[in-house]
Every structure is written in C-alpha cells, then in structure tokens.
Amino acid sequence: MNIYLLAVGNKMPDWVTKGYNEYAKRLNGDCHLKLVEIAPGKRGKNADLVRIKKAEGDKLLDAIPKGCLVIALEVLGKVWSTEKLSQQMDTWLHSGQDVALLIGGPEGLSEACVARADIKWSLSSLTLPHPLVRVLLSEQLYRAYSILKNHPYHR
C-alpha cells in the first residue's frame, strides 16, 4: 500500500526534510509513504487569498492518484488516538487501496478538497505549523504501523 502525503508547500527547512525522511524510510515492506509537494501560491501584500486557496486546492485534487481513499487533514475532522490510527491502517492495508492525505496551505484546504475527502481527520485542535505536520504525521504513521507489526517502537 502507498500512502501519498499531498502537501502544499516546498522549500522546507532541513530539519523538516530530515525528520520526514527518517520516518518515511522506516515504512517499508507492504506500506510506503510518498511525499508529493504542491507549489504554494504567491502571497504578498495584496494577495487574493481566496483565489490562492482555491488554486492550491485544485492542484491538490489533480495530484490525487487514481483509486485512492482520500483523507483531508482538517481541524473539524475526527480525532484518532494512535491505536485508532493503527486500526485504520490495518483496514487500509486489507482493502488493497492506496491512501492520499491532503494537507492545505496556510489558509487550510479548499472547500473542494474537503468535499472530495472520503474521511476528515484532525491531528489536533491546536493550530500546527505545516512543516511540523509533515514530521508529526510521518512519525505517527510509522508508530501506528509498528503497532500492527508488533514492533517495540510503540511502548
């Protein structure tokens, strides 16, 4: 199974790239994490943020591989414990379906992305910086996978 992390943003700080890559490389065998970066819109003094958010959303939707279960990371989504995430991963693995996780830009996901999502998932009710979300998400996916594989990482 492939889990595609579709995220608005590029040119991440080195610590983000290293953190994400560390956990992504640990997911191997029957589960792979693949990052797809979507170039953010130009934000300036008089930027049309509504238009930018919509354009970023359109790019995210275009990047979803065919046949994927689509999950929007959305503050108003369902909150899962690590154990619940592990159960979700087990379901995804047994379905034979790839998964696409959508992470919006600074203004969040477009309405079209939220409407397209099969599932809405909230990592936290806190506002998290988007670079940190990549690292947090990759670590939690690895942790959930380690539970499935009875690996001692999650203790």
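Arginine 26 is partly exposed, with a relative accessibility of 30%. The structure described here is a predicted model. Arginine 26 pairs with glutamate 22 in a salt bridge, at an N to O distance of 3.0 Å. Side chains of opposite charge can pair when their charged atoms come close. The pair is also part of a salt-bridge network, in which Glu22, Lys25 and Arg26 are linked.

The salt-bridge count for the model comes to 10. One of these joins aspartate 58 to lysine 54, with an N to O distance of 3.0 Å. Helix 2, residues 49-63, holds both aspartate 58 and lysine 54. The two are 4 residues apart, about one turn of the helix. Their accessibility classes are as follows. Aspartate 58 has a relative accessible area of 30% and is partly exposed. Lysine 54 reaches 51% relative accessibility and counts as exposed, because the exposed class begins over 50%.

A further salt bridge links aspartate 118 and arginine 116. The closest N and O atoms of this pair are 3.6 Å apart, and the cut-off applied is 4 Å. Aspartate 118 is partly exposed, at 45% relative accessibility. Arginine 116 is partly exposed, at 35%.

The packing of helix 3 against helix 5 was examined next. Helix 3 spans residues 82-95 and helix 5 spans residues 130-148. Their axes come within 8 Å and cross at roughly 75°. An angle from 65 to 115 degrees counts as roughly perpendicular. The two helices are therefore roughly perpendicular to each other. On the helix 3 side, the contact is made by Thr82, Leu85, Ser86, Met89, Asp90 and Leu93. Helix 5 contributes Gln140, Leu141, Arg143, Ala144, Tyr145, Ile147 and Leu148. By residue class, this contact divides into 8 nonpolar, 3 polar and 2 charged residues.

Threonine 82 belongs to helix 3. Its relative accessibility is 16%, so threonine 82 counts as buried. With residues up to four places away in sequence left out, threonine 82 touches Gln140, Arg143, Ala144, Ile147 and His154. Along the chain, threonine 82 and histidine 154 are 72 residues apart. Their C-alpha atoms are separated by 9.3 Å.

At 3% relative accessibility, arginine 134 counts as buried, because the buried class covers values under 20%. Neighbours within four places in sequence aside, arginine 134 contacts Leu5, Ala7, Val8, Gly9, Asn10, Met12, Val16, Tyr20, Leu35 and Glu37.

Lysine 18 is placed in helix 1. At 55% relative accessibility, lysine 18 counts as exposed. Lysine 18 and valine 135 are 117 residues apart along the chain. The separation of their C-alpha atoms is 8.7 Å.

Lysine 11 is not a glycine, yet has a positive phi of about 55°. Lysine 11 is found in the loop between strand 1 (2-8) and helix 1. The relative accessible area of lysine 11 is 79%, which makes this residue exposed. Asparagine 150 is not a glycine either, and has a positive phi of about 55°. Asparagine 150 lies in the segment after helix 5. At 70% relative accessibility, asparagine 150 counts as exposed.

Key: Residues numbered from 1 in each chain as written. Predicted model: local features only at pLDDT ≥ 70, side-chain atom pairs only at ≥ 80, totals over all residues. Heavy atoms only, no water. Axes fitted to C-alpha atoms, helices over the stretch in contact; angles between N-to-C directions. Parallel < 35°, antiparallel > 145°, perpendicular 65-115°, else oblique. Contact = heavy atoms within 4.5 Å. Nonpolar A, V, L, I, M, F, W, Y, C, P; charged D, E, K, R; others polar. Salt bridge = Lys/Arg side-chain N within 4 Å of Asp/Glu carboxyl O. Buried < 20%, exposed > 50% of the residue type's maximum accessible area, 1.4 Å probe, protein only.
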